[in-house]
Amino acid sequence: MTTRTHPLDTDALRTLATRSLRRLGVELPAEEGELVSRTPLTGGALYRLPAAADEDVDAAVADAHEAFRRWRLVPAPQRGALVKRLGELLTAHKDDLADLVTIEAGKIRSEALGEVQEMIDICDFAVGLSRQLYGRTMASERPGHRLSETWHPLGVVGVISAFNFPVAVWSWNTAVALVCGDTVVWKPSELTPLTALACAALLDRAAGETGAPAAVHRLVLGHRETGERLVDDARVALVSATGSVRMGRAVAPRVAARFGRCLLELGGNNAAVVTPSADLDLAVRGIVFSAAGTAGQRCTSLRRLIVHEDVADRLQEKIVHAYEQLPVGNPFEDGTLVGPLVSPAAHTAMTAALTAAQADGGKLLTGGERRLQESAPGAAYVRPAVVRMPAQTDIVREETFAPLLYVLTYRTLDEAIALQNDVPQGLSSSIFTRDQREAERFLAADGSDCGIANVNIGTSGAEIGGAFGGEKETGGGRESGSDAWRAYMRRATNTVNHSDDLPLAQGVNFL
């Protein structure tokens, strides 16, 4: 891993971003616009970029729709060649793209590099997938008939992504959609336009080098109105939206009203259960990374720790000790483990949650205070917080997008599972135990109700090989690996009569 140190200075970060963008093939627009690119490292403005007007969004969808008509007829392994080249370009420009991720999203160096590696990995996965878009052959009840299913490209996929994974989530959708024969229109978070420009430039280059239609991918920068325009366009067959539950509640009915498809990845209020048999040192490592990594700004971040009362005090002491050793600061500096929150507003929300938790009888054990206020007054560097709660109150059942961990206790495993499930969200969960029966109980149909259920690891850090997503208010969508590709295709059931007769199903006689 390459270590780079840069001062908490907006001008220096702007210079670094400009150099990285140029190496990635991006020339920023000459004219300024209303879309402000800021860095959470200082809170300062980097650039002012033009936002897409309504006619720009319409044109992007029209271009992608027209390109789809040609792209869907390209054999899938040839479509995989485009994604393969994208993966090669990402590998060659990994450091520059990681720099932009740190500058715009505030991730520490290893996490930024890890996010780009995740993009490379999903490209590898999608290239293999391009030769494995399998259908089925089923037994027909009619003699001389063959019953099968085939999968066909769906159309234009609209991708709406969030700030916390500004490039990885786009790649999950785009790499898979492209090999499935779809085209993509991407509306990134307004907080991370620079990383979006960089990714779009690399994909444009890959398309040019492999002979793919230029409009297989279109980027539209903008605010909420830009996303709404994309959501409402009937030419967009699938809207894949990552963000808050509030955003999902707005998107889903609008897409449903025009009979489009939705793939939603929304909030998470993730819990880890720690049993008396658990390896507590192992649990601490998994808990601290899941709860404090990315400054608690992952949808899979650990928010609730449900610990058996026999080991709660010992585990709590270990966690508080680990939290108090966490280096909080400049994410470019070697050794930093917790970078800034995305904005001071995120710290305001965290402070409000802490106040509510203490009003409910919670005890703040450590953290919550601002750091680096003299060197970066416009940023929000915060020490991760741990709160011991007497019960799972309303504030605990809400998702606060910050490094805030609630500690709860339980007596029986049934009680622990009930606590785990008693929240509106259903994304990720885990249990730390050495008892196989406890592990299997947690993974059973009446165990965790989340889309992700882990044993002896934390709630965050999913691999691309598995389908990623959750239930309940998390939205029910699945992205990345396994058979998540099916969301980007349409299924056709085919019956072929190769006989000289015409028997009807279910024994019906007509003529």
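Visitor: How do you know at what angle helix H14 (residues 413–421) and helix H15 (residues 436–443) pack?
Guide: The angle is about 35°, and the axes of H14 and H15 are 11 Å apart. Axes are lines fitted to C-alpha atoms, for helices over the stretch in contact, and angles between N-to-C directions run from 0 to 180 degrees. Helices (H or I, at least four residues) and strands (E, at least two) are DSSP runs, numbered from the N terminus. This is a predicted model, in which local features need pLDDT of at least 70 and side-chain atom pairs count only at pLDDT 80 or more, while totals for chains, interfaces and linings use all residues. Residues are numbered from 1 along each chain as its sequence is written, and side-chain values use heavy atoms, with hydrogens and water left out.

Visitor: Is the crossing of H14 and H15 called left-handed or right-handed?
Guide: H14 passes H15 in a right-handed crossing. The term applies if the near helix is turned clockwise from the far one by less than a right angle, and left-handed if anticlockwise.

Visitor: Which residues of H14 and H15 meet?
Guide: From H14 come Leu 413, Asp 414, Ile 417 and Gln 420; from H15 come Glu 438, Arg 441 and Phe 442. Contact means heavy atoms within 4.5 Å. By class, three of these residues are nonpolar, one is polar and three are charged. Ala, Val, Leu, Ile, Met, Phe, Trp, Tyr, Cys and Pro count as nonpolar, Asp, Glu, Lys and Arg as charged, and the others, Gly among them, as polar.

Visitor: What span should helix H12 (residues 344–359) have?
Guide: Its 16 residues should span 22 Å at 1.5 Å a residue, and the end C-alpha atoms are 23 Å apart, which agrees. The expected span is 1.5 Å times one less than the number of residues.

Visitor: Which residues of H12 are called buried?
Guide: They are Ala 346, His 347, Met 350, Ala 353, Leu 354 and Ala 357. Seen down the axis of H12, these buried residues fall within an arc of 120°, so they line one face of the helix. The arc is that of the directions from the helix axis to the C-beta atoms. Buried means under 20% relative accessible area, exposed over 50%, and partly exposed in between (1.4 Å probe, protein chains only). Ala 345, Thr 348 and Ala 359 are exposed on the other side of H12. Among the elements covering the buried residues are strand S12 (363–366) and helix H13 (394–397).

Visitor: What makes the buried residues of helix H9 (residues 245–257) a side of the helix?
Guide: The buried residues of H9 are Val 245, Met 247, Gly 248, Val 251 and Val 255. They cover an arc of only 135° around the axis, which puts them on the same side of H9. On the other side, Arg 246, Arg 249 and Ala 257 are exposed. Cover for the buried residues includes helix H8 (224–232), strand S8 (236–242) and strand S9 (261–265).

Visitor: Is Ala 295 buried or exposed?
Guide: Ala 295 has a relative accessible area of 3%, and is therefore buried. Its phi is near 55°, a positive value in a residue other than glycine.

Visitor: Why is Asn 456 called partly exposed?
Guide: Its relative accessible area is 28%, so Asn 456 is partly exposed. Asn 456 lies in the loop between strand S19 (452–455) and strand S20 (467–468), with a positive phi near 60°.
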